[in-house]
Amino acid sequence: MEREIVVTGDGSKTIQIKDWNEQYHSKHGAIQEAYHVFIKNGLELFENQGLSILEIGFGTGLNAFITLLEAPNRELRVRYTGVEAYPVLKTEIGQLNYVEELAAMEHRKEFEKLHSCTWEENTFITPNFSLLKSQKDFKEIQNSAEFDLIYFDAFGARVQPELWTVEIFQKMFRALKNKGVLVTYAAKGSVRRAMQEVGFQVERLPGPPGKREMLRARKL
């Protein structure tokens, strides 16, 4: 499928899949969406601890990079696992402007290392942030009670409804520790009901720019 780099509403770039009219991040602002959904409503629930994070859809590495930048502010030691079925091309990564837009020039090497480190091998990007990138279909996830927080950032249900099913959320529920949290930009009723069916307590929250609502689910 044809792909192109596009500029989103806040000046940060993302990848658009033209055949689907779908982007890796919100067209209203890639960085704004990442901060609102995954940091404000996810990461900021935790502080001063070791934190295990699973990202569903590693993609451009934006969520991982922002987490790396924000974790020291909350005294977090992060073990980050990013699952991605179709890794982004090196040429595409080179066209993204996250380091510049985040004013994080001193962390450029860390951003590059997020993408250059070996798949299926745990790598310390910083002394307090390790990354394991795993290339597989989301249906292959078999983790059990391993994660404190899940960033669920798959492509939307409009184009990949099979990623937003009871089967998938059952895997997410199993992968979380007790009191674990899952956050996603999605807010569809069918998604919320699938989460509830597997045992999540689900709340609607104000969404990022361009979206009225988002969902946060807890394993109690």
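Predicted model: local features only at pLDDT ≥ 70, side-chain atom pairs only at ≥ 80, totals over all residues.

Visitor: How many aromatic pairs does a search of the whole structure find?

Guide: The search finds 12. Rings of Phe, Tyr and Trp (its six-membered ring) pair if their centres lie within 6.5 Å. Planes under 30 degrees apart count as stacked, over 60 as edge-to-face, and the rest as tilted.

Visitor: Why is the pair of Y80 and Y151 called edge-to-face?

Guide: The centres of Y80 and Y151 are 6.0 Å apart, with 70° between the planes. The angle cut-off is over 60, so the label is edge-to-face.

Visitor: What does the pair of Y80 and Y151 tie together?

Guide: Y80 is in strand β5 (residues 76-83) and Y151 is in strand β8 (residues 147-152), so the pair links parts 71 residues apart in sequence. Helices (H or I, at least four residues) and strands (E, at least two) are DSSP runs, numbered from the N terminus. Y80 and Y151 are both buried. Buried means under 20% relative accessible area, exposed over 50%, and partly exposed in between (1.4 Å probe, protein chains only).

Visitor: What makes W164 and Y185 an aromatic pair?

Guide: Their centres lie 5.8 Å apart, so they pass the 6.5 Å limit. The planes are at 80°, and the pair is edge-to-face. W164 lies in the loop between β8 and α6 (166-175), and Y185 in the loop between β9 (176-184) and α7 (189-197), so this pair ties together parts 21 residues apart in sequence. W164 and Y185 are both buried.

Visitor: Which residues do ring pairs link into a cluster?

Guide: The cluster holds F38, Y80, F129 and Y151.

Visitor: How do you know that the charged end of K219 sits over the ring of F173?

Guide: That charged end is 4.9 Å from the ring centre. The rule asks for NZ of Lys or CZ of Arg within 6 Å of the ring centre and within 35 degrees of the ring normal.

Visitor: What makes β1 and β3 edge strands?

Guide: The open sheet has 3 strands in the order β1-β2-β3, with antiparallel pairing. β1 (3-7) and β3 (22-23) each pair on one side only. Two strands pair if DSSP finds at least two bridges between them. β1 and β2 (residues 13-17) are joined by 5 bridges, so they qualify.

Visitor: What makes the S134 and E120 side chains a polar contact?

Guide: The separation is 3.3 Å. A polar contact is a pair of N or O atoms within 3.5 Å; within protein, one must be able to donate a hydrogen and the other to accept it, and residues adjacent in sequence count only if both atoms are side-chain atoms.

Terms used. Residues numbered from 1 in each chain as written. Heavy atoms only, no water.
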